[in-house]
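Try each one yourself before reading the solution.

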Amino acid sequence: MITRFEDAYDKYSDAIFRHCFFRLSDKDRALEIMQETFTRTWEYLAKGKEIDTLRPFLYRVASNLIIEEYRKHKTVSLDAFLEGEDHTEGMLPGLRDDETAERILDILDGKQALEALKQLPDTYREVIVFRFVDGLTPKEIALFLGERENTVSVRIHRGLSHLKQILQPVP
């Protein structure tokens with residue numbers, strides 16, 4: 001069990017961190033949630049419970065922790081809004097003076113991609129992110145979502161079709 005867990009940490013910790021960071025845009029919180037993901041997984045295994053495939057299980061734990069984080073953040077933001085405070089400072093990562101034009105273009109392209117993803121229906125956005133941001137296979141996504149692999153593949157295909165329509169420039 002220990003070896004399997006250590007192997008999973010070595011193999012998936014960076015990917016789980018990226019998954020968290022992509023959704024939270026906060027490096028420190030993403031790192032904390034990644035660590036909490038592995039802590040909770042270890043506790044689950046230590047209780048003698050079985051996990052057939054660790055990767056989808058880790059993503060499920062991380063996603064649940066991210067949802068909890070959003071709920072906490074939403075409450076704090078609403079409280080701040082009601083009190084009339086401005087909490088927009090620090091919400092977007094600032095650009096350093098030494099960043100190159102290429103890096104700035106990458107950031108703008110990333111923002112454009114995020115905006116396009118936001119326009120997708122939830123069912124398509126979710127599988128697109130798991131497939132192309134997190135690098136999960138359709139089979140792993142299916143295990144995570146409790147769906148059939150074919151259903152996930154169809155959603156990925158339809159989501160990509162929607163993205164193409166969104167990103168095509170209007171003549």
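**Exercise 1: a loop residue**

Ile-51 sits in the loop between α2 (27-46) and α3; helices here are DSSP runs of H or I with at least four residues, numbered from the N terminus. It's a predicted model, where local features need pLDDT of at least 70, side-chain atom pairs count only at pLDDT 80 or more, and totals for chains, interfaces and linings use all residues. Residues are numbered from 1 along each chain as its sequence is written, and side-chain values use heavy atoms, leaving out hydrogens and water.

Work out whether Ile-51 is buried or exposed, and list its contacts.

*Solution.* 
- Step 1: the relative accessible area of Ile-51 is 5%, so it is buried (under 20%; exposed is over 50%, partly exposed in between, with a 1.4 Å probe and protein chains only).
- Step 2: skipping neighbours within four places in sequence, Ile-51 touches Arg-4, Thr-41, Tyr-44, Leu-45 and Phe-57 (contact is heavy atoms within 4.5 Å).
- Step 3: for Thr-41, 10 residues away in sequence, the C-alpha to C-alpha distance to Ile-51 is 9.2 Å.

**Exercise 2: a helix residue**

*Solution.* 
- Step 1: Arg-55 has a relative accessible area of 15%, so it's buried.
- Step 2: beyond four places in sequence, the contacts of Arg-55 are Tyr-12, Asp-134, Gly-135, Leu-136 and Glu-140.

Key
Helix = DSSP H or I, 4+ residues; strand = E, 2+ residues; numbered from the N terminus.
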